[in-house]
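Hi there,

Here is the structure I promised to pass on to you. Have a look at it first, and then read my notes below.

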Amino acid sequence: MSNNRTKRDVKNNFNDFNILGVMENVHELLKMLKYQELYLSLHANRLPLSPYGFAVSTSSAIQFPYFTSLVQWLFDLRDIDDFIPWNEYDDPSIICGKIMDQMILLGFKPDFSVNELLKGSGIAVIKCLQF
């Protein structure tokens, strides 16, 4: 790694990291936000997220709703006034579009298609959570 690169460059370059390690870092950040106490108390039917929860695809039927509700909770923590929430009956593509639109308003610069979020796991999902 050259000395000209910033920490932000390294943080956003997934070629420098193992996806499991990045997800583990996201998991630690969520713990600092008291995710287990606050988020899980609102979603009693959810199991605690493993340190590798979104790094490995297991079931998009489980991971996508978990991801979207977690993102909505994170937006709520930021007290975003102009955010339009979604519900479980919305089209998944529309939900992903709303997530991406809000993240772009917050300064996120995606380098992936919004459709990659539909899987509920993988690099795109982890980048959103890391942001």
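How many salt bridges does a search of the whole structure find? The search finds 3, where a salt bridge is a side-chain nitrogen of Lys or Arg within 4 Å of a carboxyl oxygen of Asp or Glu. Before the details, please note that this is a predicted model, so local features need pLDDT of at least 70 and side-chain atom pairs count only at pLDDT 80 or more, while totals for chains, interfaces and linings use all residues. Residues are numbered from 1 along each chain as its sequence is written, and side-chain values use heavy atoms, leaving out hydrogens and water.

**The charged pairs**

Side chains of opposite charge can pair when their charged atoms come close. Glutamate 28 and lysine 31 form a salt bridge with an N to O distance of 3.2 Å. Both residues sit in helix H2 (residues 19–32), 3 residues apart, which is about one turn of the helix. Helices here are DSSP runs (H or I, at least four residues), numbered from the N terminus. Glutamate 28 is partly exposed at 37% relative accessible area, and lysine 31 is partly exposed at 39%. For these words, buried means under 20% relative accessible area, exposed means over 50%, and partly exposed is in between (1.4 Å probe, protein chains only).

Lysine 98 and aspartate 90 make another salt bridge, at 3.8 Å from N to O. Lysine 98 is partly exposed at 24%, and aspartate 90 is partly exposed at 23%.

Lysine 127 and aspartate 111 are also joined by a salt bridge, at 2.6 Å from N to O. Lysine 127 lies in helix H6 (residues 123–130) and aspartate 111 in the loop between helix H5 (92–105) and H6, so this pair ties together parts that are 16 residues apart in sequence. Lysine 127 is buried, at 11%, whereas aspartate 111 is exposed, at 55%.

**The nonpolar core**

The largest nonpolar core has 33 residues. Such a core is a set of buried Ala, Val, Leu, Ile, Met, Phe, Trp, Tyr and Cys residues joined through side-chain atoms within 4.5 Å. Those with the most contacts inside this core are Tyr35, Phe54, Phe67, Leu70, Leu117 and Leu129. H2, helix H3 (35–42), helix H4 (60–77), H5 and H6 each give two or more residues to the core, and H4 gives the most, with 8 residues.

Not counting residues up to four places away in sequence, phenylalanine 54 touches several residues, including Met23, Tyr66, Val125 and Ile126; contact means heavy atoms within 4.5 Å.

Best wishes
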